Amino acid sequence: MTSTMRRRGIPIVVAVVMLAAACGGGGSGSSGSPRAAGRGGAPTLPPSPTALPTFDLASFRTLLSSLHGRPVVVNIWASWCGPCIVEAPHLAQLSRQTRGRVQFVGVDILDQRVPAHRFIQRFGWTYPSVFDPSGSIRDGLGLIGQPNTVLFDANGRRVRTWSGVVDPASLSAEIETLLKT
């Protein structure tokens with residue numbers, strides 16, 4: 001290909017790339033939707049563990065309030081976080097054991113979606129996570145660092161917070177106590 005042909009082809013390539021970007025933009029699903037919305041635009045749980053819709057603090061709080069009626073475990077994590085890797089298999093197991101009685105929700109912070117998807121798949125998480133690229137949800141909950149695990153009762157009251165790797169036996173005992181009340 002001559003340099004003249006390359007120069008003539010560049011505008012065409014640029015136009016095709018721009019058109020493809022405009023058509024495929026950050027629409028729905030895992031690519032960048034601001035939130036998973038239900039009826040009336042209220043945020044809902046993501047449809048799959050790897051959907052990872054972007055949530056901000058306000059939409060996350062709205063989501064939490066929609067989950068009243070059963071205990072909720074919120075885990076703040078990131079794919080690059082060593083302690084998050086340590087606790088991930090235990091969270092997967094406990095979420096499967098309590099499925100239908102307790103809602104687990106992950107909050108992936110300060111991360112990238114591709115490594116986050118791999119993390120979720122690697123540990124076999126069956127519960128949804130939301131994507132928080134700035135860490136605003138963690139910060140808004142008054143937490144520092146990651147991982148953090150927060151347990152809410154069926155009325156939405158925070159009953160326990162673990163900073164660092166959550167002890168699976170302790171989390172399990174707290175959940176069982178809540179389920180008995």
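1. Contact here means heavy atoms within 4.5 Å. Setting aside neighbours within four places in sequence, Val165 is in contact with Pro83, Val86, Glu87 and Pro147. Its C-alpha lies 9.6 Å from that of Gly82, although 83 residues separate Val165 and Gly82 in sequence. Is Val165 buried, partly exposed or exposed? Val165 counts as partly exposed because its relative accessibility is 39%; buried means under 20% relative accessible area, exposed over 50%, and partly exposed in between, with a 1.4 Å probe and protein chains only.

2. A word on what you are looking at: this is a predicted model, in which local features need pLDDT of at least 70 and side-chain atom pairs count only at pLDDT 80 or more, while totals for chains, interfaces and linings use all residues. Residues are numbered from 1 along each chain as its sequence is written, and side-chain values use heavy atoms, with hydrogens and water left out.

3. Now for the sheet. Helices (H or I, at least four residues) and strands (E, at least two) are DSSP runs, numbered from the N terminus. Five strands make an open sheet with mixed pairing, in the order β3-β2-β1-β4-β5; two strands pair if DSSP finds at least two bridges between them. Because β3 and β5 (158-163) stand at the edges with a single partner strand each, one side of each is left without a neighbour in the sheet. On average, neighbouring strands of this sheet are turned by 15° against each other, direction ignored.

4. Strand β2 (residues 103-109) and β3 run parallel and are joined by four bridges. In β3, Ser129 is the bridge partner of Gly106, and Phe131 is the bridge partner of Asp108. Ser129 and Phe131 point one way from β3 (residues 129-132), Val130 and Asp132 point the other way, and all are buried.

5. Next, follow helix α3 (residues 82-97) to helix α4 (residues 113-123): their axes come within 9 Å and cross at roughly 50°. Axes are lines fitted to C-alpha atoms, for helices over the stretch in contact, and angles run from 0 to 180 degrees between N-to-C directions. Why are α3 and α4 called oblique to each other? Their angle places them there, because angles under 35 degrees count as roughly parallel, over 145 as roughly antiparallel, 65 to 115 as roughly perpendicular and the rest as oblique. On the α3 side, Cys84, Ile85, Ala88, Pro89 and Ala92 meet Phe119, Arg122 and Phe123 of α4. These residues divide into seven nonpolar, no polar and one charged; Ala, Val, Leu, Ile, Met, Phe, Trp, Tyr, Cys and Pro count as nonpolar, Asp, Glu, Lys and Arg as charged, and the others, Gly among them, as polar.

6. Finally, α3 also packs with helix α6 (residues 168-180), at an angle of about 25° and with the axes 10 Å apart. The two helices, α3 and α6, are therefore roughly parallel to each other. Here His90, Leu91 and Leu94 of α3 meet Pro168, Leu171, Ser172 and Ile175 of α6. By class, this contact of α3 with α6 has five nonpolar, two polar and no charged residues.
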